[in-house]
Amino acid sequence: MPRLVTSMLVDGFGRKHTSLRISVTDRCNLRCTYCMPAVTPKYQAKSLLLTYEEIIRFTRVAVDLGVNDVRVTGGEPLVRADLDRLIAMLARVLDPSRISLTTNGVLLQQQLPRLTEAGLRSVNVSLDALDETSFEQSTRRRGLSMVLDSIRAAVDAGMKVKVNAIAKRDFTESQLAAFGHFANRTKLPVRFIEYMPLDADGNWDADNVLSGSEILRRLSEHFGPLRPLPRRQGAPAADYEIESGGGTIGIVASVTEPFCQACNRIRLTADGKIRNCLFGDDSGDVRSLLRSGANDQAIADLLKSAVAAKKRGHGSDDLVFVRPSRPMYSIGG
């Protein structure tokens, strides 16, 4: 099949898009307060979700247009059956070292052998608290020990592991010291992501955001100086080393210091919509093309058009936050 590369995925502000986030499900086995409603939502019907074969077809087109990094997300991606089959299929499309998975970790340990055999080498584990009471407060479920066991198992399996924590005021402050000690002990990077308006309950308020600058100040008060590390081009996190222990802390200041000018991401939702911005609207219907007999060039044209239409910032050209039309579990991380 001839390659489709006629141009890179470049928007109107010169940003090249090389990173693709693929959501495989809107379902989740936790009910995190910053993402999911307390009660089980009405999920998408299975028939509306892209099949693995459809996802791979879209990914091949995206790779032909310059995408070289894929992260599989949800919802919780590990609740979708046979996810290892998709990982193996992706590993035939691009370098396995460029494929990663974001998970809450509850099911990771039991699926790890199949995932590693399929080629997965990198996982980001979402974990907001290191004591069971706070974990349950955040997720509305129990399961901290399963997540920690999964992290240890992934490390033992040779996985590249990062830990992501959502930073919420009046909650995360009590977890900072524990995460600092965790980073020092395990040498796993811990990244704090500012709380964004992506919750299903619509309770987000700017006053709920624990800023990256305050996190750094509090950690420095506890551990001493944090040394800034070189920032990778396009990386959302600014990384710091805890000089007293050698652990790495990352700050994703997506609310107080937006990094939109360096954004290189596009998203594919589980139901086949392109999202050119986390805070925008659906930017193209891939599923309808895939199921109507369209050729790959039509998919490529839709993808290029969606990227070209991307705005400067979070849904508007003056970087003002606009609440997304979907909650996070329905968009994909």
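User: Which residue stands opposite Ile166 in E6?

Analyst: Ile166 stands opposite Ile193 in E6. Before building on that, note that this is a predicted model, in which local features need pLDDT of at least 70 and side-chain atom pairs count only at pLDDT 80 or more, while totals for chains, interfaces and linings use all residues. Residues are numbered from 1 along each chain as its sequence is written, and side-chain values use heavy atoms, with hydrogens and water left out. Helices (H or I, at least four residues) and strands (E, at least two) are DSSP runs numbered from the N terminus.

User: How should I read the pairing of E6 with other strands, and which strands are involved?

Analyst: Strands of a sheet pair through backbone hydrogen bonds, either parallel or antiparallel. Here two strands count as paired if DSSP finds at least two bridges between them. Strand E5 (residues 160-167) pairs with E6 in the parallel sense over five bridges, and Val163 has Val190 as its bridge partner in E6. Strand E9 (residues 248-252) also pairs with E6 in the parallel sense, over four bridges, and in E9 the bridge partner of Val190 is Ile249.

User: Is E6 mostly covered or mostly open?

Analyst: Buried means under 20% relative accessible area, exposed over 50%, and partly exposed in between, with a 1.4 Å probe and protein chains only. Strand E6 (residues 190-194) is mostly covered, since five of its five residues are buried. Both of its faces are covered, with Val190, Phe192 and Glu194 buried on one side and Arg191 and Ile193 buried on the other. The chain crosses from E5 to E6 through helix H6 (residues 176-186), and this β-α-β crossover is right-handed, a term for a path that runs clockwise from the first strand over the helix to the second, with the strands pointing away from the viewer. For the chain of 333 residues, 57% count as buried.

User: In what order do the strands form the sheet, and which stand at its edges?

Analyst: Twelve strands form an open sheet of mixed pairing, in the order E7-E8-E9-E6-E5-E4-E3-E2-E1-E10-E11-E12. Strand E7 (226-228) and strand E12 (284-285) stand at the edges, each with a single partner strand, so one side of each has no neighbour in the sheet. Helix H9 (residues 296-308) packs on the sheet, touching strand E10 (265-268), strand E11 (273-275) and E12; contact means heavy atoms within 4.5 Å.

User: How do helices H1 and H2 cross, and at what angle?

Analyst: Axes are lines fitted to C-alpha atoms, for helices over the stretch in contact, and angles run from 0 to 180 degrees between N-to-C directions. The axes of helix H1 (residues 52-64) and helix H2 (residues 83-90) come within 10 Å and cross at roughly 25 degrees. That makes H1 roughly parallel to H2, where angles under 35 degrees count as roughly parallel, over 145 as roughly antiparallel, 65 to 115 as roughly perpendicular and the rest as oblique.

User: Which residues make the contact between H1 and H9, and at what angle do these helices pack?

Analyst: H1 and H9 pack at an angle of about 65 degrees, with their axes 10 Å apart. That makes H1 roughly perpendicular to H9. The contact is made by Arg57, Phe58, Val61 and Ala62 of H1 and by Asp296, Ile299, Ala300 and Leu303 of H9.
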